Amino acid sequence: MTDEDWRLSDQETYLHGRKFRWAAWWPYRDGWDHDHCDFCFAEISADTTGHADFNEAWVTADDGYHWICPQCLEDFRTRFAFEVQAGPPREPSGSIGKLR
Ligand SMILES: [Zn+2]
């Protein structure tokens, strides 16, 4: 049986039913300069030099540790029973959170 999305590994064990909020990226610890989406590994960073995929994304509301990009949250929110606090700002053309 391989109807599994390539992005799935063991996220269910630690992300099922978690609450997420929309946030601009910040360093969880001093010295960290980026994180990755827990599913697709898109880069989420405050970096403005142009290689980050997102500078805002969804983050676990309680510990601020796990980041998920907008696309993956949409794709997995039902399966994982995510609770989502307030949506991202509405922007046209699906460019939410994308660096331009
Ligand atoms: Zn993703």
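## Ile68 and its contacts

In this predicted model, Ile68 touches Phe20, Cys37, Asp38, Phe39, Ala57, Trp58 and Leu73, leaving aside residues up to four places away in sequence. Ile68 lies in β5, which spans 67–68.

## The nonpolar core

Ile68 also belongs to the largest nonpolar core, which has 17 residues. Together with Cys37, Ile44, Ala57 and Cys69, Ile68 touches the most other members.

In soluble globular proteins, nonpolar side chains tend to be buried together. Across the chain of 100 residues, 23% count as buried.

## The sheet

β5 and β4 also sit side by side in an open sheet of 4 strands. The strand order is β5-β4-β1-β6, and the pairing is mixed. β5 and β6 (83–85) are the edge strands, each pairing on one side only.

Strands of a sheet pair through backbone hydrogen bonds, either parallel or antiparallel. Here β4 and β5 run antiparallel, joined by 2 bridges. Val59 stands opposite Trp67 in β5.

## The chain as a whole

The chain has 2 helices and 6 strands. Along the sequence they follow the pattern α-β-β-β-β-β-α-β.

Among contacts with a separation of 6 or more, 58% are between residues 24 or more positions apart.

Notes
Residues are numbered from 1 along each chain as its sequence is written. This is a predicted model: local features need pLDDT of at least 70, side-chain atom pairs count only at pLDDT 80 or more; totals for chains, interfaces and linings use all residues. A residue is buried if 20 or more other C-beta atoms lie within 10 Å of its own, exposed if 12 or fewer, and partly exposed in between; C-beta atoms are placed from the backbone. Two residues are in contact if their C-beta atoms, placed from the backbone, lie within 7 Å. A nonpolar core is a set of buried Ala, Val, Leu, Ile, Met, Phe, Trp, Tyr and Cys residues joined through C-beta atoms within 7 Å. Two strands pair if DSSP finds at least two bridges between them.
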